[in-house]
Amino acid sequence: MKKLAEVLRDWEAVIGLEVHTELTTLETKMFCNCRLSHDDPPNTNVCPVCLGLPGALPVPNEHAIESIVMAGLATNCEIQRHSMFYRKHYFYPDMAKNFQTTQGPVAFCMHGHLDLEVSGEGARERPDGTGVEKDADGSYVAPVRILRIHMEEDAAKMVHVGGEEGRITAATESLIDYNRCGTPLIELVTEPDLRTPEEARLFMEKLRETFLTLGISDCSLESGSMRCDGNVSLRRRGETRLGTKTEMKNINSFKSLHDALEHEICRQAEVLEEGGIVYQETRHWEPSRKRTVVMRVKETADDYRLFPDPDLAPFDLTDEFIERCRARIPELPDAKRARYMADYGLKKKDAAQIASDPAVAAFFEEALDGMGEKNVGTLANVMVNLVPSFPGLTVGQVRGITGLLAEDAVTFAQAREVLEAVSQTGEDPVAYVDAHGMRQSTDEGALSAIVDEVLGRCTDQVQQYRDGNKKVLGFLVGQCMKAAKGSGNPKAFNKMLAERLEA
């Protein structure tokens, strides 16, 4: 098959996503009072409602409705005052009552949008002149429309024993756990506005950051509380008619989403260029084999026999309810990133990484409290490049190592060594550095004699520098550090050497 870049020169990929997110921060299921937990023994959190027993009546979870309204407001959706639940019929063991309670044509949240900022290597996936204006560095903003966010109940968890990669094919038996059945689940459906696998990956990442900040889900791709279906079709560049789409089902990692879409785009291009036909079907991504395989022919809405659920009254959301949900929305990642850049002068990449995780952002702001503004950039550097490697660090320890770095008392490599030690003991980094004689001197008076001694004996390197070989400065700094037995600061040595050599 051709490579993605080669395919996208001739073909336009049209991609839409369906992102399913369980509302894991709630205490109970969507339509009953069963405890919401996937960690309990199988089939212990069940009742007549989620088992679909005759005569059982569902009661909606108000907190779940609040969560979906918050999700809609955070993604610029129009909140629909009037909507209702429908029954989506299908016959499979993961839903004992043989229908899923979901929403019909009108969802709680309709017609929203998010803007994607695409840069770096990912931006190069999208060829120039394809509907977006690129900056000088190749980055661009891609607007993505959101068709709807609707509420539904999740199905039970099935485990296929003996099947290849956990699939039912060739399985010796299938086990079912109804603990997950009835879990409140929101499904966000985009318009087909995405054009590259990287845009799809970034959209799902941004959605995860948003939902984490709202506190409505743990958004764990590993455990399945957030998963994605990717729909993709191809059309020749310049055409407006949509091609036949295929759907990649239940993708549970950002990398798998990107790789599955990339493979499917290349596969469809090969089929079409050979005169074949792309069929509307659901396909499964096999990460180990880097390929998609057919699961089933895609169902249509008619197959599900959707009709309003007679056991659930229509919803009429009041303005007061919607405004109460709006008031609960915290500062979202994009706004937080912009504030960090404006107030603290952080680099865009650092600000975005810190703002993307609410726990990291809260830790950063607590560490920042009481710290001088001149150290903010150093703190951001520590948060981005050191803290993730040492879970369990306290705010005090991060403040301590930040202060040492800001004073040039330790190098970045030494800071990593210090944190590796104190993360195990809880010791103060400043006390550790002093106890182990690691503090470096920046006193020019103390370092001047060392610089003079090194320049006096390294005459060949001095001449090389003055002849234009600036790289030799690193060698001279190393000689100074060796002479100082590691107690001199390399930045100070670098500055003093350069001044003398340029004089």
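1. A residue is taken as buried when its relative accessible area is under 20%. The model discussed here is predicted. By that cut-off Asp-193 is buried, because its relative accessible area is 17%.

2. Asp-193 forms a salt bridge with Arg-145 through their side chains, at 2.8 Å from N to O. This pair joins distant parts of the chain, 48 residues apart: Arg-145 belongs to strand β7 (residues 140-153), while Asp-193 sits in the loop between β10 (184-190) and α4 (197-214). Arg-145 is partly exposed, at 46%.

3. Asp-259 is buried at 15% relative accessible area, whereas Lys-255 is exposed at 54%.

4. Between Lys-336 and Glu-331 the salt bridge has an N to O distance of 3.2 Å. Here the lysine, Lys-336, is buried at 12%, and Glu-331 is partly exposed at 30%.

5. The structure as a whole contains 42 salt bridges. Glu-22, Asp-154, Arg-180 and Arg-227 are linked by salt bridges into a network.

6. Thr-21, in strand β1 (residues 11-22), is buried, with 0% relative accessibility. Beyond its neighbours within four places in sequence, Thr-21 has contacts that include Pro-184, Leu-185, Ile-186, Phe-211 and Met-226.

7. Five bridges connect β4 (residues 85-89) with β5, and Phe-85 has Gln-103 of β5 as its bridge partner.

Definitions and conventions. Residues numbered from 1 in each chain as written. Predicted model: local features only at pLDDT ≥ 70, side-chain atom pairs only at ≥ 80, totals over all residues. Heavy atoms only, no water. Helix = DSSP H or I, 4+ residues; strand = E, 2+ residues; numbered from the N terminus. Buried < 20%, exposed > 50% of the residue type's maximum accessible area, 1.4 Å probe, protein only. Contact = heavy atoms within 4.5 Å. Pairing = 2+ DSSP bridges. Salt bridge = Lys/Arg side-chain N within 4 Å of Asp/Glu carboxyl O.
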